Structure formats: structure tokens, C-alpha cells
Amino acid sequence: MNPRLGSFALAEFLARNEHGEHVVVDKKVCVRGIFGYLAPEYMELGEATPMADVYSFGVVVLEVVSGQTAVDFRRPEVLLVKRFHEIVSREGDYDRLIDTRLDGDYNRKELTRLLKLAMACTQSNPNLRPTMTTVVSILDGHDKFLMDKGQKENMDEWKEKNVLSLSLIRRIQALGIQ
């Protein structure tokens, strides 16, 4: 009865051909994946990397802890990642992000730690994200990365790096496709 999250190997999968050899990705090819989980650099460049997988993993962590979906057109702010970053940058409070259905019955320290991990994984700058090895270490209880990493982006930087996602949302809303 121990659930596992897996298949965060999109980068490795997309960077190999049918013979298992690494190939150079043609950046003119359309991006593959599920909107809301795609890292900004992957949407912009079309190049799958391990750091793009870290971003996607961070979105899943956000979904699990918040009880919300990655994309919800019924909300004023469609992207869960954007709502998350806005609340943290504005208030610095992680409590508003925890699933209300838990009704306060949770370990505050652990869920705050997971939300900090999600924050680190969903930074727009891939160089600021932890590696999956570091993520596993954090999940095992080694929080040194979360404490040492002082680099955080502000909302203006986030919006600048996520311009493609935000533009796509506006287009979808304008067309009424929700």
C-alpha cells in the first residue's frame, strides 16, 4: 500500500531514437506533453532535459499537496504553478496551499517541506532547480538543499520566463475552449 510516482523520464525518452541511441532534437518539432506540466524552457526551445522532468515532478507534488489540478480554467488564475508562486511571493505563507479537505489533520512541517520542494522544482530557471538525485535526498529527509538554496525568482521574472504558457492561456480563454 505504498503509492509510487514514476515515469519522469520524458527527457531521456525524447532524446533517443528507436535504436536507443541519443539523437540531436530538432527544435522545429512541436512540443509534446501535457500543458501545465511543461517546463518553460521546454515550451520555448522544444528540448527535453532532465531539469524539465524536475519541473514536471514539482507540478505533481503541488497537485498532491494542494488537492488541485495543474490547469483549471474555472479559476481566475488558470495555472496551479502560477497561483502557488504568487501566494508564496506575496505572502510567504504555505498554509493557504495545503488541501483544505485535510481539515488540518496533517503534519504541518512535512507538508511545508513538500511545498518548499515544489517551489524549488518549479523555478522557471532550470539552473535553480534541484537534480532528481537531490529531490530524492530531500524526500528522504535531507533538507540541506532547501535551506542552502537562497536563489528565488520574483513574480516579474516568473512571468517573463513563462510568457508562452500565459499567452496560450489567453488564447484558449479568448476562443472559449475550456
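Visitor: Is the crossing of α4 and α5 left-handed or right-handed?
Guide: In this predicted model, α4 is the helix of residues 80-91 and α5 the helix of residues 108-121. The crossing that α4 and α5 make is left-handed.

Visitor: At what angle do helix α4 and helix α5 pack, and is α4 roughly perpendicular or roughly parallel to α5?
Guide: The axes of α4 and α5 lie 11 Å apart, and the two helices pack at an angle of about 110°. Since angles of 65 to 115 degrees count as roughly perpendicular, the angle makes the orientation of α4 relative to α5 roughly perpendicular.

Visitor: How many nonpolar, polar and charged residues does the contact of α4 with α5 have?
Guide: On the α4 side the contact uses F84, H85 and V88, which meet L115, A118 and M119 of α5. Sorted by class, these residues of the α4 and α5 contact come to five nonpolar, one polar and no charged.

Visitor: How are α5 and α6 oriented, roughly parallel or roughly antiparallel?
Guide: Helix α6 covers residues 132-139, and its axis comes within 11 Å of the axis of α5, with a crossing of roughly 170°. Because angles over 145 degrees count as roughly antiparallel, α5 and α6 are roughly antiparallel.

Visitor: How many charged residues are in the contact of α5 with α6?
Guide: From α5 the contact takes R113, L114, L117 and C121, and from α6 it takes V135, I138 and L139. Six residues of this contact of α5 with α6 are nonpolar and none is polar, while the number of charged residues is one.

Visitor: By class, how many residues of the contact of α3 with α5 are nonpolar?
Guide: The contact of α3 with α5 has no charged residues and one polar residue. The count of nonpolar residues in the contact of α3 with α5 is 12.

Visitor: How much space lies in the largest cavity?
Guide: The count of cavities of 30 Å³ or more comes to one. F35, G36, L38, M43, Y55, A70, L79, L80, V81, W158, N162 and S165 line the largest cavity, and this lining divides into nine nonpolar, three polar and no charged residues. The space in the largest cavity is about 70 Å³.

Methods: Residues numbered from 1 in each chain as written. Predicted model: local features only at pLDDT ≥ 70, side-chain atom pairs only at ≥ 80, totals over all residues. Heavy atoms only, no water. Axes fitted to C-alpha atoms, helices over the stretch in contact; angles between N-to-C directions. Helix = DSSP H or I, 4+ residues; strand = E, 2+ residues; numbered from the N terminus. Parallel < 35°, antiparallel > 145°, perpendicular 65-115°, else oblique. Left-handed = near helix turned anticlockwise from the far one by under 90°. Contact = heavy atoms within 4.5 Å. Nonpolar A, V, L, I, M, F, W, Y, C, P; charged D, E, K, R; others polar. 1 Å grid on protein atoms, 1.4 Å probe; cavity = no way out; pocket = protein on both sides within 12 Å on 5 of 7 lines; lining within 4 Å. Points joined across faces, edges and corners; volume = space filled by probe spheres on them.
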